[in-house]
Amino acid sequence: MATFLYRIGRWAFRRRRLVGGLWLGALVLAVAAAALAPAGEEEGLSMPGTESQQAFDLLDERFPESNSQGAEARLVFRAPDGQRMTAQRNRAAVEDTLGSVDGGGQVASASDPYETGAVSEDGTIAYSTVTYTADAVDLTGPTKSALESAADRARDAGLTVEIGGSALDSEEEPGGTTEIVGVAVAAVVLVLALGSLVAAGLSLLTAVVGVAISFGLVSALAAPLGLTSTVAILALMLGLAVGIDYALFITSRFRDERARGSDPEEAAGRAVGTAGSAVVFAGATVFIALVGLGVVGIPELTKMGLGGAGAVALAVLVALTLVPALFGFFGRRVLSRAVRRADGPGSERVHRVAPAAGRPGIGTRWARFVLRRPGAVLLTAVLGLGAVALPALSLELGLPGDESKSVETTERRAYDLLSEGFGPGFNGPLTVVVDTSEATDARAATDLVVRTVRGVDGVASVGDPVLSRTKDTAVLTAVPRTAPNSGETKDLVQAIRDTVSGVEADTGATVLVTGTTALNIDISEAMSDALLPYLAVVIGLAVLLLMVVFRSLLVPVKAALGFLLSVGAAFGVLVAVFQWGWAADLLGIEQTGPVMSLMPILIIGIVFGLAMDYEVFLLTRMREAYVHGASPGDAIVSGFRHSGRVVAAAAIIMISVFGGFVGMSSPTIQTMGVGLAAAVAFDAFVVRMAIAPAVLALLGHRAWWLPRILNRVLPNVDIEGEALSGHAPAATTGPGAAVPHLPVGRR
């Protein structure tokens, strides 16, 4: 693989105008496709195979008229202090408000709370449901403005009015202040790590090109494939993070090769052949882990995995082709200012850099510190991560609703008003579907289900059944006494299902419990059940892939165990922040509750690939030194001397990018940003830079041992670029002549 990538690097350098033109054309096409494509719809989560999803499918079949309904808004009114909503003045204000909601001609109906009984028992709160003929994304500006203006009319009349429902839903758009701050921090880190504005800009430019293309493709395919804004933001988040890192690794290796005396084209080839091999492997691990999310069986999770995997694949292609092409365009400006000054203005020579005679770098000093005290470093790091991971033992999974939004939003205030006036369970009603097509007496079966559900402890009320046109299906609404995300509501759903099973046996009817709340509960349980099997598959894949790369048995085992520690610590942070509320105010999280059920598996899939990034980039240099004759301890020092600073910079960049998304209003993106930033921090700085060298120091030569049978069976992917030893650097004359590559420790 190293030889093949070496040729790609040299070809891209020589054909830089062609390569640059192709990527520019791809960028223009992707942006144009996104601009011309229709907007996608924000689809709800589904979970094929669960009882709640079966009920939804049955409702679609037996109540086809419900499929034609569009968006919905809920106007929630509260009377002034000391008054009731039934007062004549307040009734007139409500009627005036409902008469003015149809400003865009898209309103299908607006219910009268006084006719439907949508007034609280104390008379202080009422609500009206407004249904539209179009989905939320298709509602026109005048339609939404009319809704907000109607609410303002009621406020002018003295009422408190808030708006809930899907009518005001909008896709989350990237580009906020926190994301810009994250990218700015990444740019600063790049400049400090590379010592060149051009080199830093090159890494940012190539990452932006890859992200723009992937984001454009996701936007263009949103409508035909049903991709949501969350898929696009995940593609943006991952593509930007790995794109910067991959370009940084190849640029750093290019500069090393130039310092060894290689001419620019040769250095580009070697950089892509060595660091590019690691990029391909690291990108492949992220790609496989994200595509593997499809086995969980949740369509939205599958789409998120495929969108993120596509962004990572594009980042790899950009790094292997556009980055070396830009080396040709920028020339010596990619090198640090110190090197350019040493060679003088306009010079194309690059002297081979000898080891510094002064104080060693921080990476070397840290590696030597770990070598002196490997046991203490290992024990401290493991105990520290274990302590951070302890909150994960109380991990609760759920799906956020309006209750998780900021109190500054009208949706959250509408949710709170409804909870106050009609009980906490009103915002999460359960839908009980009674299929009487096989029942001996449909009416008797339906009545028995109604009496049975009303008798279940925890049910606040049960509405009258609504029959389908064919009279073979009945639907009734059961309102819990507790909030949608509470553990009591989860127990209530199971209690209803257990209780109605007896009705099914007696009557022959099929009874299914569904609704958004029940579906969220089913999805959370499915995620909990799939978590350990998916983790086992990921760990097994990690061990196998690293065994192929490093031709070692113990190094992959160490890497897998370290991955478990970093993921466990990240889960601990999620529980502490989103369940317990630690530092929630600092991060702008106003409502705590269960961790979003998709996050653990999604974070495992993403962090698995990112963890392998740092493992490969750091340990590749260690193994390269070891196979060239260095002692195990010297190999560790060599790895940190060459890659420690670059890996640290890459980790800080990735943490900054992920952390920049914490400021978005979407709970999904917030949770993802916190979890991924924490996981990368733990994995890069604790696992890979403390635990990994400590374990290698304790193992010595045994760290690189591989049984003979595995040595014969496993393929040799040559990620260190040993096959490139036959491609000698182009020699120059004079003081800048290339120096033959000698084994580390033998010079």
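**A tour of salt bridges and a helix contact**

Select Arg-688 and Glu-615 first: both residues are buried in this predicted model. The two form a salt bridge, with their closest N and O atoms 2.6 Å apart. Colour helix H23 (residues 667–699), which holds Arg-688, and helix H21, which holds Glu-615; the pair therefore ties together parts that are 73 residues apart in sequence.

Next, select Arg-253, Asp-256, Glu-257, Arg-260, Arg-621 and Glu-624, which salt bridges with shared partners join into one network. Within this selection, display Arg-621 and Asp-256, a salt bridge whose closest N and O atoms are 3.3 Å apart. Arg-621 belongs to helix H21 (residues 599–627) and Asp-256 to helix H10 (residues 229–259), so that distant parts of the chain, 365 residues apart, are linked. Arg-621 is buried at 8% relative accessible area, whereas Asp-256 is partly exposed at 26%.

Arg-62 is buried, with a relative accessible area of 16%, while Glu-61 is exposed, at 56%. The structure holds 24 salt bridges.

Finally, select helix H1 (residues 2–14) and helix H2 (residues 16–36), which pack at about 90 degrees with their axes 5 Å apart. Because of this angle, H1 is roughly perpendicular to H2. To view the contact, show Trp-11, Ala-12, Phe-13 and Arg-14 in H1, which meet Arg-16, Leu-18 and Val-19 in H2. Of the residues in this contact of H1 with H2, five are nonpolar, none is polar and two are charged.

Technical notes: Residues numbered from 1 in each chain as written. Predicted model: local features only at pLDDT ≥ 70, side-chain atom pairs only at ≥ 80, totals over all residues. Heavy atoms only, no water. Axes fitted to C-alpha atoms, helices over the stretch in contact; angles between N-to-C directions. Helix = DSSP H or I, 4+ residues; strand = E, 2+ residues; numbered from the N terminus. Parallel < 35°, antiparallel > 145°, perpendicular 65-115°, else oblique. Contact = heavy atoms within 4.5 Å. Nonpolar A, V, L, I, M, F, W, Y, C, P; charged D, E, K, R; others polar. Salt bridge = Lys/Arg side-chain N within 4 Å of Asp/Glu carboxyl O. Buried < 20%, exposed > 50% of the residue type's maximum accessible area, 1.4 Å probe, protein only.
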